[in-house]
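Thanks for coming, everyone. Please take a moment to look at the structure on the screen, and then I will walk you through it, beginning with the ligand.

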Amino acid sequence: MINPASRTKSIELSQIRKMFEVTNPDAINLGIGEPDFDVPQNIKDAMKQSIDENDTHYTPNKGYIELREEIVKKFKNENGIKTNPDNIIVTVGASEALYMCAQAFIEKRDEVILPNPSFLSYEACVKLAGGDIVPVDCKMENDFKLQASDVADKITKDTKAIILNSPSNPTGAVMEKEDIKAIADLSMDNDFLIISDEIYEKIIYDKKHYSPAKYSDNVITLNGFSKTYAMTGLRIGYLTANENLTEELLKIHQYNIACASTTSQRGAYAALTGPQDEVEKMVNEFKNRRNLIVSRLNEMGYETVNAEGAFYVFPKIEDEDFVAKAAKEGVITVPGAAFGSNGKGHVRMSYANSYENIEKAMDILEERVVNG
Ligand code: PMP
């Protein structure tokens with residue numbers, strides 16, 4: 001028997017993944033966290049062409065310079081972040097970027113403030129790095145938006161970092177500019193790091209996204225192509241930070257990954273430089289589905305916030321058997337408690353599924369779970 005390292009023992013495999021592996025393939029899946037759209041054609045063409053050109057060798061560790069230059073433009077034009085190609089690292093999804101942040105900066109006795117509820121990987125990455133988690137509640141009465149005053153209450157001399165995620169997985173909440181700015185100010189005054197996961201930035205309805213890096217130098221901004229361009233399986237993302245932070249991050253990336261896949265980098269370049277109308281279409285469709293699912297759940301008596309971003313809703317459902325009952329009837333959802341203690345009494349539903357399937361799923365819930 002080979003014993004795993006204690007850090008590996010300290011975490012568990014994702015319950016969500018496990019659930020998908022055992023569920024009935026005919027079920028309507030409102031559990032999944034990926035767009036149901038196809039990769040836009042111009043991106044597919046660029047990737048095919050890259051293979052035909054035998055562009056299959058190592059790239060610079062930080063990624064192709066052409067791609068990093070486009071990412072710099074994107075940060076400047078869309079986020080108001082001034083950076084340069086040396087301070088960009090192209091990663092294997094935002095997942096690798098998160099892992100790099102934790103490995104490069106978190107160690108024993110460091111406290112990391114995490115929104116509660118939040119994306120599962122945050123806790124796992126912090127624990128693997130040996131850090132302590134300090135949860136801060138995102139309250140339903142505030143539409144699950146993380147508030148700077150609640151964050152301020154959690155800061156101690158051991159606070160090393162906070163992870164922000166707006167729009168949020170699992171609640172769809174979009175943080176207010178004042179809170180982003182106030183937390184950015186706190187990070188400067190108290191000398192801690194903000195790891196800003198902006199992967200859902202473009203999936204946002206009638207609201208503006210703000211990046212804390214516009215207001216603080218202590219920020220690592222993470223983003224990726226999985227959600228905006230439906231490129232989940234292509235595993236491509238990126239980050240930016242100041243020069244000192246980037247150098248430490250590069251050490252983790254260099255010895256672990258070397259570089260992101262050439263094919264995906266070429267696809268990412270096409271994504272940034274090509275037409276954006278597919279993204280717009282996708283977001284409009286998500287908005288229609290959001291309107292549908294929120295109104296149906298509220299009609300059923302499940303209080304549901306009209307989430308302003310991402311593709312999740314987080315209704316209040318106190319029946320502890322709801323997820324199991326819904327699964328038995330053919331609708332897959334995820335218990336809110338999977339995302340942190342403050343998610344208890346809620347269920348995460350993803351609307352990254354067709355309008356028709358969401359209608360069908362809501363009919364099933366109404367007929368066989370609520371009234372069943
Ligand atoms: N951050 C959040 C909040 C996510 O929901 C996800 C994907 N579920 C990721 C990061 C990881 O994305 P990627 O595919 O780029 O690794």
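This is a predicted model: local features need pLDDT of at least 70, side-chain atom pairs count only at pLDDT 80 or more; totals for chains, interfaces and linings use all residues.

The shell around the ligand is made up of 5 nonpolar, 5 polar and 3 charged residues, where Ala, Val, Leu, Ile, Met, Phe, Trp, Tyr, Cys and Pro count as nonpolar, Asp, Glu, Lys and Arg as charged, and the others, Gly among them, as polar. Residues are numbered from 1 along each chain as its sequence is written, and side-chain values use heavy atoms, with hydrogens and water left out.

Which residues come nearest to the ligand? Of the 13 residues around it, they are Ala94, Ser95, Asp197, Ser226 and Arg235, and a residue counts as near if one of its heavy atoms lies within 4 Å. Helix α5, residues 93-105, gives the largest share of this shell, with 3 residues; helices here are DSSP runs of H or I with at least four residues, and strands are E runs of at least two, numbered from the N terminus.

Turning to individual atoms, an oxygen atom of the ligand lies 2.7 Å from a polar backbone atom of Ala94, and an oxygen atom of the ligand is 2.5 Å from an N or O atom in the side chain of Ser95. For the side chain of Asn169, the distance from one of its N or O atoms to a ligand oxygen atom is 2.9 Å. Taken alone, the ligand exposes 400 Å², and the protein buries 92% of that, with areas from the Shrake-Rupley method and a 1.4 Å probe, where for residues only the protein chains shown count as cover.

Thr56, by contrast, sits in the loop between α3 (41-52) and α4 (65-79) and is partly exposed, with a relative accessible area of 48%. Its C-alpha atom is 7.0 Å from that of Thr263, although 207 residues separate Thr56 and Thr263 along the chain.

Technical notes: A polar contact is a pair of N or O atoms within 3.5 Å; within protein, one must be able to donate a hydrogen and the other to accept it, and residues adjacent in sequence count only if both atoms are side-chain atoms. Buried means under 20% relative accessible area, exposed over 50%, partly exposed in between (1.4 Å probe, protein chains only).
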